[in-house]
Amino acid sequence: MWARIIFVLSIFITILTSAVSSNPADTCPNLPKYLLDTLTKLQFPNCPFDIGNKTNSIYLIYDVNRPEGFNLRRDVYIRLSTFVRKLQRRKPGYENVRLVLPPWPRLYHWRSHHIEQDHLPWEHFFDIESLRRYAPVLDYPEWINEMQQLGLEENNLVPVHKILQLKHFKDMFENGVFKDKWEFSGDCEDDSKQAIQGSFLKQEPILLKDPSIQCVNFQGSANLLSQVIQRTWRSLENDGLPKVIAILNAEVVLHDHWADREFWRARRSMRFAKNLVEIANNFRRTNFDSNDELDLVQRPAMWEYESPKHKGQALGGPYLCVHLRRGDFLYGRETTTPSLKSSALQVKYHLLNYNLSTVFLATDATAFEIKNFKSYIPRHRVVRFVTEDLHQKSLVKDGGIAIIDQLICSHAHYFVGTYESTFTYRIYEEREILGFPKERTFNTLCKKSTMENCSQNSVWPIVY
């Protein structure tokens, strides 16, 4: 009998050791959930494992100023995910903190009004399990379901116990110096209704336990936010039950880790939804004979296995991608945004320089502008991702189409983007992860076709 027990234990230890040792340094083991909270939690205390005991849990759910676009919202997520990961790991009593991902509202650039594009979960655009291997996150429907399972509903509504609205200080440079600081402010009576009206708090199934808003003048990085959370947490009723704290205008919070190793770990975990990746891969294969193996890009099954040894080695597909921003950039950034002819002549120069004949065009330009752009480079093939399939479009939404554009651009042999565009910056980041060299990634369209006195976007290389 003892021999059998010892034999079974030896097999168990072998499996556990194999699973742990097969992972790269400083990553979380890919083990079944029933093992994660036992032996592996002792060996990997930094990993955000599933939390079995929900008592004294804190659910932080946030929102962003309504006019902000998709790619800025992605950046706000990185600020908060690195903060929550650090809070969970380093602050005693906050082991059960969760970051709830707010539903996506209909954004300014989502112009297809014949399809439903409001209150979308994050799983529509991103791989939630990939996000969760970096930080303790819950998608909005998951949070609703978890609160219901815990029996915390009241009249079929889930409670929000405290609302914090972040605001900039009126004097951000006191005595000419920018300092990290925060304070509770009572000066927000007029803003309360407007803030709730424009946020997820107005949607079902939310119950506001305290419908008033606590305004917070805030200036600083996410690390400073821990003081606000701790003070708010202590002010709530200590009955051992989970508490929900909502943070409005989360874009006010600055990065704790900008462009360092921790930033890039969070960024690398932001893999897109598998169905969007599949659509982009099929498009590349059909139109450019492009795939990851031929293009020499690194894309392991899990982001944790990405390696710096691939930096600068990606070849990419045999096409150039240009992100040509028009729309509001023509008026808000007219001093740096080139004309269609100027853009086309610059693209032609890069095509000839790299012996390419095909352009993939990612743009918010009108059909008339696209026609004019093509007319300036008649001997070159210009390709766009356009779906006439209404069923497919209703599934992927406008946001999904923009992601597909980014995925295709990320795999191009050469990329050139628009000055100060967050869409362009996200493509830069994706190409850094895939292992493209800087000279074929961090490129910007100039105002003049001669490319003289050209304003260039900043270069932020990946850190492992």
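The largest pocket has a volume of about 1,200 Å³, where a volume is the space filled by probe spheres set on grid points that are joined across faces, edges and corners. This is a predicted model, in which local features need pLDDT of at least 70 and side-chain atom pairs count only at pLDDT 80 or more, while totals for chains, interfaces and linings use all residues. Residues are numbered from 1 along each chain as its sequence is written, and side-chain values use heavy atoms, with hydrogens and water left out.

**The largest pocket**

- On a 1 Å grid over the protein atoms alone, a pocket is an open set of points where a 1.4 Å probe fits, with protein on both sides within 12 Å along at least five of seven lines, and lining residues have an atom within 4 Å of a point.
- The lining of the largest pocket consists of 41 residues, and those nearest its centre are His109, Arg325, Asp364, Ala402 and Phe423.
- At least two lining residues come from each of helix H4 (70-90), strand S11 (358-363), helix H15 (390-410) and helix H16 (422-434), and H15 gives the most, with eight residues; helices (H or I, at least four residues) and strands (E, at least two) are DSSP runs, numbered from the N terminus.
- By class, the lining has 17 nonpolar, 12 polar and 12 charged residues, with Ala, Val, Leu, Ile, Met, Phe, Trp, Tyr, Cys and Pro counted as nonpolar, Asp, Glu, Lys and Arg as charged, and the others, Gly among them, as polar.

- Strands S1 (residues 58-62) and S2 (residues 97-101) run parallel and are joined by four bridges, with Tyr59 standing opposite Arg98 in S2.

**The four-stranded sheet**

- A second open sheet, of four strands, has the order S12-S11-S10-S13 with parallel pairing.
- Strands S12 (381-383) and S13 (412-416) stand at its edges with a single partner strand each, so one side of each is left without a neighbour in the sheet.
- Strand S10 (residues 317-324) runs parallel to S13 and is joined to S13 by four bridges, and Val322 stands opposite Val416 in S13.
- H15 lies across S10, S11 and S13, running at about 145 degrees to S11, and H16 lies across S10, S11 and S13, running at about 145 degrees to S13.

**Packing of two helices**

- Helix H9 (residues 261-268) packs with H16 at an angle of about 95 degrees, their axes being 11 Å apart, which makes H9 roughly perpendicular to H16, a term used for angles of 65 to 115 degrees.
- The contact is made by Phe263, Trp264, Arg267 and Arg268 of H9 together with Arg426, Glu429, Glu430, Glu432 and Ile433 of H16.

How values were computed:
Pairing = 2+ DSSP bridges. Axes fitted to C-alpha atoms, helices over the stretch in contact; angles between N-to-C directions. Parallel < 35°, antiparallel > 145°, perpendicular 65-115°, else oblique. Contact = heavy atoms within 4.5 Å.
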